[in-house]
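Welcome to my notebook. I open the structure below and jot down what I look up.

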Amino acid sequence: MKNKKKLKAVSIVLMLVMLVGVLSGCTTFDNFKKTFIDKQVVGEENTIIIGIYEPSSGEFKEQGGEEIRGVELANSIYGNVNGIKIKLVRVDNQSDINSAKGAIQNLIKMKPAVIIGSAGEANSMVASPYIEAAKIPTITPSAVNPLITENNNYYFRASITESQRGVGLAEYVYSVLGSRKIAIVSMKNDSANTAMLRGFSSKVHELEQGSASDSSSNATSIVYKKSVDVDFEGFGKLIKNIKESGADVVMLPFGAEKSDKLFATIEKKNLEDKITFVGSSYWNTEEFAYMMKKHPRIKVVFPSDSVFSGGKTTTKSVTAETQRFLIEYANKYGNDSEPTSNAALGYDSYLLAINAINRANSKKPEDIRKALTELTGVRGATGVFTFDKDGNPVKSVNLSTIKSGKVISLYVTNEATTAETMEKIK
């Protein structure tokens with residue numbers, strides 16, 4: 001045990017040494033110095049307030065706590081912008097739309113220059129009109145509803161949308177796996193699933209049109225579709241239909257419990273080596289990873305908001321900030337504490353805020369909002385950020401898989417994806 005602890009300590013020291021070399025040996029440190037040290041922020045008081053609007057209780061307590069961890073970690077590393085101290089103030093929206101209204105009003109009274117939050121789509125939607133009226137730029141780390149940003153010039157997001165995740169999965173399935181026989185199982189009355197499938201199907205069609213071998217015919221790569229209810233249990237018949245379609249990739253809307261039942265049936269039919277299963281970011285959970293220990297030969301792929309998992313990083317899209325995040329997270333929260341995507345998105349939300357404060361050279365919320373719209377190529381823990389006109393990140397999509405019960409980064413899309421607009425949805 002002592003030897004293991006020593007090995008961990010040595011590993012961290014070596015990573016720190018490597019990071020110092022990276023930061024001091026390339027333009028990253030020069031950019032960092034230029035961004036955070038050289039200029040002077042306009043303002044009389046020596047404090048800038050960033051508000052945290054997150055649930056510390058209720059249904060989204062865990063997700064909110066993870067995002068708060070990321071924000072607080074970033075603040076402990078980057079506690080000031082050019083000598084001006086960043087002060088964090090927090091309110092608990094309690095994962096409840098009634099409590100959220102009072103929480104955002106109280107936070108606005110504290111006059112933050114920027115707000116970060118919230119976990120939970122409804123909490124962000126409730127806050128939206130108050131944020132717009134107060135004209136305070138706000139960044140939600142994880143909420144993906146397109147209405148949050150599209151109808152509000154002051155709301156931005158760090159996470160990509162479900163449609164972008166669908167686009168990323170389509171690139172991997174069509175271009176990397178080379179599948180031309182895809183089965184899609186969708187969930188009725190599930191807006192997130194619908195958005196992801198819309199992005200997926202649109203990208204598959206685009207790739208088909210661009211492929212010389214496929215453009216000569218009207219053939220589609222989607223060979224089977226099935227829409228199911230939330231209480232669906234007909235796994236045997238579903239698998240029979242999928243097998244008859246010849247599909248080698250199947251997109252599923254199920255969580256851990258239903259996927260467990262379906263995978264067990266797949267194994268009984270000896271189909272585990274013939275099909276790759278594609279799912280949503282909800283598969284990027286400890287519950288799903290633990291369930292997958294029972295199905296070691298089942299191949300799964302799903303989107304993740306981070307380029308690191310299982311203690312590893314991808315070789316593409318990883319930045320010096322990714323390495324810094326991993327090292328500092330272990331230092332602050334312990335070597336055995338695994339950083340989540342939500343924590344990384346909270347961290348990146350803070351980085352986006354302070355980059356905008358620096359670019360604005362001002363503490364005025366309106367100036368900072370304008371600076372956010374102008375940010376390009378900001379390197380965070382989860383990748384490189386540029387915002388579109390609606391405040392959505394234009395980013396590559398990170399995909400993961402599970403091996404030996406561990407979430408492992410698998411692939412990063414070649415092209416950055418853009419969020420669909422409400423016009424496209426209509």
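Which residue forms a salt bridge with Glu162? I find Arg165, with the closest N and O atoms 2.7 Å apart. I count a salt bridge when a side-chain nitrogen of Lys or Arg is within 4 Å of a carboxyl oxygen of Asp or Glu.

A note on the source: this is a predicted model, where local features need pLDDT of at least 70 and side-chain atom pairs count only at pLDDT 80 or more, while totals for chains, interfaces and linings use all residues. Residues are numbered from 1 along each chain as its sequence is written, and side-chain values use heavy atoms, leaving out hydrogens and water.

Back to my pair: both residues lie in helix 7 (residues 162-176), three residues apart, about one turn of the helix. Helices here are DSSP runs (H or I, at least four residues) and strands likewise (E, at least two), numbered from the N terminus. Glu162 is buried at 6% relative accessible area, and Arg165 is buried at 3%. Buried means under 20%, exposed over 50%, and partly exposed in between (1.4 Å probe, protein chains only).

Next I looked up Arg359 and Glu374, whose side chains meet in a salt bridge (3.0 Å, N to O). Arg359 lies in helix 13 and Glu374 in helix 14, so the pair ties together parts 15 residues apart in sequence. Arg359 is partly exposed at 44%, as is Glu374 at 30%.

Last, I checked the whole chain. I find 15 helices and 17 strands, and 52% of the 426 residues count as buried. The structure holds 14 salt bridges.
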